[in-house]
Amino acid sequence: MNGILKYSTEILPSLLQGTKLTLGLFVITLVLSLPIGALVSLGLRSRFKPLQWLLNFYVWLMRGTPLLLQLIFIFYGLPVLHIYFERFSAAIFAFVLNYAAYFAEIFRGGFQSVDKGQFEAARVLRLTYPQTIRKIVLPQVTKIVLPSVGNEVINLVKDSSLVYVIGLGDLLRAGNIAMTRDVTLVPLLMVGAIYLALTALFTFLLRKVEQHYSYYR
Amino acid sequence: MLEASKINKSFNGTQVLTDISLEVDSGKILCIVGPSGAGKTTLLRIITGLEQADSGSFKIDGQPFDPDSNNTSNALIGVVFQDFRLFPHLSVLENITLAPELVLKESRTKAQAKAKDILSQLDLADKADIYPFQLSGGQKQRVAIARALALDPKILCYDEPTSALDPGLRQSVETLILRLKSQGMTQIVVTHDMTFAQNIADKILEVKPAQEL
Ligand SMILES: Nc1ncnc2c1ncn2[C@@H]1O[C@H](COP(=O)(O)OP(=O)(O)OP(=O)(O)O)[C@@H](O)[C@H]1O
Ligand SMILES: [Mg+2]
């Protein structure tokens, strides 16, 4: 038992190092893909048809193919066309593209479920379109989409482990290295525990945000 | 004074309004009545700029006026919707101050003072800080009226102000509309309730269902 404890503390720093990369990827992906997703969903509602087609195609492509394939395509595939990404940038690029598409789809549903009467009420009060979106629509959409966005946030924590395939030193890789080197299950169990702790933390935070929006119905 | 002349409107080849003309003098109440499907709501939506007439013209105080481009800070016509359409995420006070702040660029202090004043005139002084879902139907309607009044409109329009309320509340809507009239507000009220119309109207316009083309 003491041995396991000692071993755990020995490998913990490398696991935490991996966690740092996982969290970095997580935060950067969220910060970029949420606003991009919101913009794309506005574009999906645009009256300018070519833009609508283009964005629909993008969403269809991203949601219809595995993120793993997209990741491999960007890091290993694009160099064939002489487009080179550094590992972490490739990961960010793939994740943002993919998650923005999912968020766009969620926001599109959210926008649709805001009553058309709200737009008309804003219109007769002479609010401009940007004012209507900012003050009337977005706050309501936020409340509507929070549960679905929350699911994606939790998925993202776990999906981040896919960067393993392009050789990034994330949490999963850190655990796997220790396991193959020391022939023990302990690192993998610790990796699982860290993922659980992260998802529990984000679930808790999301619930707080949902509570914040529960002041109205 | 608002004048509309020869308003026509069709939807997908079906004529709904044919050569409708109307006139409301300042400070008076015009009731628009007619059976269901006659086009009362459509007419009101055209007057308030939510729908575009196929042809016809408008004048306010003798000046030509396009309800559709009414999207300026010059708020002429206010609307109280049948289903009120309050903003659910904003408190009663915020519902009322939103447009004065954003559109008339009033300071928050000024907008709030004015809103509170309107609220107390409508017996809603104690409701300022709660949210629309916490209000009764009649209270929601009065908040919707307060929200429209806060933009200082020249004309206030209502679509079926009695239809979403308990029958017992009809009387208090009448009282409120007549009180606004006594304060000089010009009002246009769409209703299918003839008694209600007769009780409040200075003039009644009957919209008849049109034949299909
Ligand atoms: N956006 C629209 N597209 C197509 N048809 C419409 C539209 N709006 C209204 N109509 C049609 O126009 C006609 C008049 O509708 P409107 O809502 O103005 O009637 P109304 O007099 O207000 O009736 P009610 O008393 O039931 O409210 C109806 O036949 C309706 O189906
Ligand atoms: Mg109607």
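Residues are numbered from 1 along each chain as its sequence is written, while chains are lettered from A and ligands numbered from 1 in the order in which they are written. Since the model is predicted, local features need pLDDT of at least 70 and side-chain atom pairs count only at pLDDT 80 or more, whereas totals for chains, interfaces and linings use all residues, and side-chain values use heavy atoms, with hydrogens and water left out. Helices (H or I, at least four residues) and strands (E, at least two) are DSSP runs, numbered from the N terminus, and two strands pair if DSSP finds at least two bridges between them.

**The parallel sheet of chain B**

- Five strands of chain B form an open sheet with parallel pairing, in the order S6-S7-S8-S3-S9.
- Strand S6 (77-80) and strand S9 (203-206) of chain B are at the edges, and each has a single partner strand, so one side of each is left without a neighbour in the sheet.
- From one strand to the next the twist averages 20°, where axes are lines fitted to C-alpha atoms (for helices over the stretch in contact) and angles run from 0 to 180 degrees between N-to-C directions.
- Four bridges pair S6(B) in the parallel sense with strand S7 (residues 155-159) of chain B, and Gly78(B) stands opposite Leu156(B) in S7(B).
- Helix H4 (residues 137-149) of chain B lies across S6 and S7 of chain B and runs at about 170° to S6(B), contact meaning heavy atoms within 4.5 Å.

**The antiparallel sheet of chain B**

- A further open sheet, of four strands, has the order S2-S1-S4-S5 (chain B) with antiparallel pairing.
- At its edges stand S2 and strand S5 (63-64) of chain B, each with a single partner strand, so one side of each is left without a neighbour in the sheet.
- H1(B) packs on this sheet and touches S1, S2 and S4 of chain B, its direction making about 60° with that of S2(B).
- Strand S1 (residues 2-11) and strand S2 (residues 14-24) of chain B run antiparallel and are joined by seven bridges, with Ile20(B) in S2(B) as the bridge partner of Ile7(B).
- The hairpin of S1(B) and S2(B) has two residues between the strands, and in it Asn12(B) takes a positive phi near 45°.
- S1(B) also pairs in the antiparallel sense with strand S4 (residues 55-60) of chain B over five bridges; here Ser5(B) stands opposite Ser57(B), and Ala4(B) stands opposite Phe58(B).

- An oxygen atom of ligand 1 lies 2.8 Å from a polar backbone atom of Gly37(B), and a polar side-chain atom of Lys40(B) is 2.7 Å from an oxygen atom of ligand 1.
- An N or O atom in the side chain of Thr42(B) is 2.5 Å from an oxygen atom of ligand 1, a polar contact with a ligand being a pair of N or O atoms within 3.5 Å.
- The protein covers 57% of the 640 Å² of accessible area that ligand 1 has on its own, as computed by the Shrake-Rupley method with a 1.4 Å probe.

**The outline of chain A**

- Chain A has eight helices and zero strands, and its C-alpha trace spans about 70 × 50 × 20 Å along its principal axes.

Conventions
Polar contact = N/O pair within 3.5 Å; in protein donor to acceptor, adjacent residues only side chain to side chain.
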